[in-house]
Each structure stands twice: as C-alpha cells, then as structure tokens.
Amino acid sequence: MKGVVFNLLEAVIRRDYGDDMWETLLDAAGSHGAYSSLGNYPDDELMKLVGAASSALKMPPDDVVRWFGRNALPLLAEKHPHFFASHKSTRPFLLTLNDVIHAEVRKLYPGADVPVFTYDTSSPEVLLMHYRSPRKLCALAEGFIEATAGYYAEEVSLDQPECMKRGDDRCVLRVSVRKPKG
Ligand code: HEM
C-alpha cells in the first residue's frame, strides 16, 4: 500500500482524535510512522493500524475503514481537484475511476496497486460496481463513494448484495444517487 494512504490516515486521525491518538496507534501496531507518500508499505501494516484504531475507538474495523474513506476523500479532492471538476455529479465521476482517476494515480504514484471495477449501468438510477481485490477494502470504496456524493451535494444509498467479507467471490456495490429535494 502506498505511503500516501498512511499519510491520509495520519492526517484524519490527528485532526479528529489528536496527536496522542496517532502515537498510540503507531505503538499498538509496532509501526515507526515515517511514511513517504511514494513509498510502498505492507498492506498488513495498514490493517494493524486499523485494528489498533478499532480497539482504541471501539468501532468495528470496517467502520474505521469506512470513516477513513469518508474523511480522506475530501483531502484527495483538495489535492487533485481536476478529477472532480470535470464532472457535475457522482455517477459520471464513478464511471471514470478505472480509465481516468486510478489510471492517473498509477502515474502519480508508480507501483500503486489500484483496484479495477467493472460496472453494470443497465439501470439509470442504480449503478452496480463490481469489486475484487485481495485487500478486501470494500468499506474504503463505500467511504470514498459516500464522500464523493457529499462533494457533489447529492444523497446516496449504498449497500452490498454480494461481499467478499461474507464469502462471495466479489463485492457488488449498489449505488443510488439523488439530488436532495428543494
Ligand atoms: C469514489 C472514488 C474512489 C473509489 C471507490 C476508490 C477505491 C479504492 C480502493 C477500494 C482502494 C484500495 C486498494 C484495493 O482495493 O486493492 C483504492 C486505492 C487507492 N486509490 Fe482509489 N478510489 C476512489 C478515488 C480515488 C481518488 C480520487 C484518488 C486520488 C486522487 C485515489 C487514489 C488511490 C490511491 C493512491 C490508492 C492506493 C493504491 C496503493 O496503495 O497501491 N482513489 N482506491
């Protein structure tokens, strides 16, 4: 996992829970804490930090990951506004993930191991995103999608009729987006 992901986790933990909390998590995860954004670090190290946060904050690990995704995406949007500015709403943004956003991420962060989504766009209301990754970070995808809807001032309902965490061989993220009334 790229250092930038650790940098984002550090930023949101420090901001919302304080510097001491970040130090506590590093200690609990046996981690040195000096992450360079372009460096590569073991996936397991991120999962240890998530586990430590789960214990310290009394939240299930997937809730920590979803919270992280929700809070990290606005920081990514600040850093890379052009990905967002070229769209007006969530659905077209999500449809550019493989070909534009994560493709660009691979150039910006060489060696980045980004997931490839496949899409079912047969319904204009409900977008199905199929996700397969050995990291099983579907909760991160959920948090990113929720925050993307927030960015475009839309409301989103999200669930997973299939999930690797429940033994399925892929996750299916079912995304329905609405403009708020009024
Ligand atoms: C709603 C939008 C997005 C979704 C659903 C999404 C989903 C994901 C997921 C699930 C991962 C974890 C890797 C894995 O599953 O194997 C990931 C990794 C990553 N994504 Fe995205 N992403 C989104 C937007 C973005 C944006 C806007 C950026 C940057 C501008 C970005 C940059 C990255 C980076 C740097 C990684 C780490 C790759 C690595 O460590 O090797 N993503 N993304």
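The model is a predicted one. Its protein chain is divided into two parts, with domain 1 spanning residues 3-59 and domain 2 spanning residues 90-178. Taken over C-alpha atoms, the centres of domain 1 and domain 2 are separated by 23 Å.

The helix packing may be followed from helix H2 (residues 19-29) and helix H3 (residues 43-57), whose axes lie 8 Å apart and pack at an angle of about 120°. An angle from 65 to 115 degrees would count as roughly perpendicular; H2 and H3 are therefore classed as oblique to each other. Their crossing is right-handed. On the H2 side, the contact is made by Met21, Thr24, Leu25, Ala28 and Ala29, while H3 contributes Glu45, Lys48, Leu49, Ala52, Ala53 and Ala56. Sorted by class, this contact of H2 with H3 comprises 8 nonpolar residues, 1 polar residue and 2 charged residues.

H3 also packs against helix H4. The axes of H3 and H4 come within 8 Å and cross at roughly 105°, an angle that makes H3 roughly perpendicular to H4. Here H3 presents Val50, Gly51, Ala53, Ser54 and Leu57, and H4 answers with Pro61, Val64 and Val65. The contact of H3 with H4 holds 6 nonpolar and 2 polar residues, with no charged residues. Ala53 of H3 takes part both in the contact with H2 and in the contact with H4.

H4 (residues 61-79) has a further partner in H1: the axes of these two helices come within 10 Å, again with a crossing of roughly 105°. H1 and H4 are therefore roughly perpendicular to each other. Leu8, Leu9, Ala11 and Val12 of H1 meet Phe68, Asn71, Ala72 and Leu75 of H4. By class, the contact of H1 with H4 has 7 nonpolar residues and 1 polar residue, and no charged residues.

H1 leads on to the ligand. The shell around the ligand draws at least two residues from each of helix H1 (3-17), helix H7 (97-108) and helix H8 (138-151). H8 supplies the largest share of this shell, 5 residues. In total, 25 residues surround the ligand, and the closest are Lys2, Ala112, Pro115, Ser133 and Phe144.

Taken together, H3 packs against H2 at about 120° and against H4 at roughly 105°, while H1 both packs against H4 and supplies residues to the shell around the ligand.

Notes
Residues numbered from 1 in each chain as written. Predicted model: local features only at pLDDT ≥ 70, side-chain atom pairs only at ≥ 80, totals over all residues. Near = placed C-beta within 6 Å. Helix = DSSP H or I, 4+ residues; strand = E, 2+ residues; numbered from the N terminus. Domains from an automatic or database assignment. Axes fitted to C-alpha atoms, helices over the stretch in contact; angles between N-to-C directions. Parallel < 35°, antiparallel > 145°, perpendicular 65-115°, else oblique. Left-handed = near helix turned anticlockwise from the far one by under 90°. Contact = placed C-beta atoms within 7 Å. Nonpolar A, V, L, I, M, F, W, Y, C, P; charged D, E, K, R; others polar.
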